[in-house]
Amino acid sequence: ELPDNGVIKCTSPSNIALVKYWGKRPIQLPENASISFTLETCKTITSLAYKRKETPSEDFDFELLFEGKPKPDFKPKIQSFFTRIETYLPFLKEYSFTIETSNTFPHSSGIASSASGMSALAYCLMQLERKINTSITEHELLQKTSFLARLGSGSACRSLEGPITVWGKHDAIGGSSDAFAVKFPHTIHDNFKEFQDTILLVDKGEKQVSSTVGHDLMHGHPFSAKRFEQATNNLSKLKEILGTGDLDAFIEVVESEALTLHAMMMTSLPYFILMKPNTLVVINKVWEYRKATGSKLCFTLDAGANVHLLYPNNEKDKVLSFITSELVAYCENGQYICDKIGLGAKLL
Ligand code: PMV
């Protein structure tokens, strides 16, 4: 029985990869398993209004509002998402939808909104699915939500649960799959409780390289096979580290992963440098600070110039004063975002 009309509203966060997903095969399946911290503050809020059509049409019928205004440039992305997921949600053409979405972080911040945005939309759609398919279990619901989010944007599948999720089949991670992400199913040491992520907005410009183009550059890349193998090994290491709470080992894996991601882009054809001079200044300052203080502060990077600073909660005051006194100067307009490890999507 299809409901006539209603509104579903949810929120879903961004996530930051510790072992990076970079390289995929059709359709949106990862070349290696990746693991991420789910974030708490950087999120998308989406409401999905659905209204049953009098007569189902051959087209998807949806309107899109971003921060209250029509957003035609997002439409093709949603259109192809709907096309891709229609076999899994056969009711899509029965409804006309109004999708209203907004982010808690500034739009032109260089922070990718695809993970939070696509996971939020998948979440809303699956809440509608749940009204139609009332026998679906919580577990199936969550799994299918991640599966659909993945088809929207790969890394989006890691945003639905927290505090840590894994996407991609990996021998050391029970229940892991290429098709959807799972909550990290092993012990997490208290050292990672309330782990902090302060995002320095070094460059707020549009991304130079779309992630689609970036992933494609791993096909025929001279180092791709080694890279996928290395990522697999790093995830095995990180699984142990998350259990033992060894923060020095954590730093080594996480920083190496960030630099390797950028090394892959520097060594592809065409090649790209996505860091900015201030990215390198910040990295060097983090290393100096660690050496001088014994802090466990480390950095990671996405496919851009912004720097994510990761550190244990018990260092919060000290690191924040280091950031404000030494690092804010290298952020565009002095902007940074204080985030931390979070728990994933929820219904509002
Ligand atoms: O989800 P995509 O296709 O935008 O790829 C994201 C890739 C990185 O953010 C660079 C790494 C990752 O694992 O999130």
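This is a predicted model: local features need pLDDT of at least 70, side-chain atom pairs count only at pLDDT 80 or more; totals for chains, interfaces and linings use all residues.
Reader: Which other strands are joined to β4 by bridges?
Author: Among them are β1, joined to β4 by 13 bridges, and β8 (residues 164-167), joined to β4 by four. Both of these pairings are antiparallel. If you want landmarks, Thr44 in β4 is the bridge partner of Ser12, and Trp167 in β8 is that of Ser34.

Reader: Where do the domain bounds come from, and where does each domain lie?
Author: The bounds come from an automatic or database domain assignment. Domain 1 covers 5-188 and domain 2 covers 194-340. Their centres, taken over C-alpha atoms, are 24 Å apart.

Reader: What makes a residue of domain 1 count as being in contact with domain 2?
Author: The C-beta atoms, placed from the backbone, must lie within 7 Å. On that test, 30 residues of domain 1 are in contact with 35 residues of domain 2. On the domain 1 side, β1 (5-19) and β4 (34-52) are the elements that give two or more residues. The largest share, six residues, belongs to β4. By class, this side has 17 nonpolar, nine polar and four charged residues. Here Ala, Val, Leu, Ile, Met, Phe, Trp, Tyr, Cys and Pro count as nonpolar, Asp, Glu, Lys and Arg as charged, and the others, Gly among them, as polar.

Reader: Now the helices: why are α1 and α3 called oblique to each other?
Author: Their packing angle is about 135°, with the axes 9 Å apart. Axes are lines fitted to C-alpha atoms, for helices over the stretch in contact, and angles run from 0 to 180 degrees between N-to-C directions. Angles under 35 degrees count as roughly parallel, over 145 as roughly antiparallel, 65 to 115 as roughly perpendicular and the rest as oblique. An angle of about 135° falls in the rest, so α1 and α3 are oblique.

Reader: Which residues make the contact of α1 with α3?
Author: Phe81, Arg84 and Ile85 of α1 meet Leu148, Leu151 and Gly152 of α3. The contact of α1 with α3 has four nonpolar residues, one polar and one charged.

Reader: What makes α2 and α3 oblique to each other?
Author: α2 (residues 114-132) and α3 pack at about 135°, with their axes 8 Å apart, and they are therefore oblique. In this contact, α2 uses residues including Leu121, Leu125 and Met126, while α3 uses residues including Leu141, Leu148 and Ala149. By class, nine are nonpolar, three polar and two charged.

Reader: Why are α5 and α6 called roughly antiparallel?
Author: α5 (residues 224-244) and α6 (residues 247-266) cross at roughly 160°, and their axes come within 10 Å. That angle is over 145, so the two helices are roughly antiparallel. Among the residues that meet are Leu238 and Ile241 in α5 and Phe250 and Val253 in α6. The contact of α5 with α6 holds six nonpolar, three polar and three charged residues.

Reader: α6 lies across two strands; which ones?
Author: They are β11 and β12, and α6 runs at about 30° to β11. Both strands belong to an open sheet of four, in the order β11-β12-β10-β13, with antiparallel pairing.

Reader: What makes β11 and β13 the edge strands?
Author: Each pairs on one side only. Within the sheet, five bridges join β10 (residues 196-200) to β12 (residues 307-311), and Leu200 stands opposite Val307 in β12. Neighbouring strands of the sheet are turned by 25° against each other on average, direction ignored.

Notes. Residues are numbered from 1 along each chain as its sequence is written. Two strands pair if DSSP finds at least two bridges between them.
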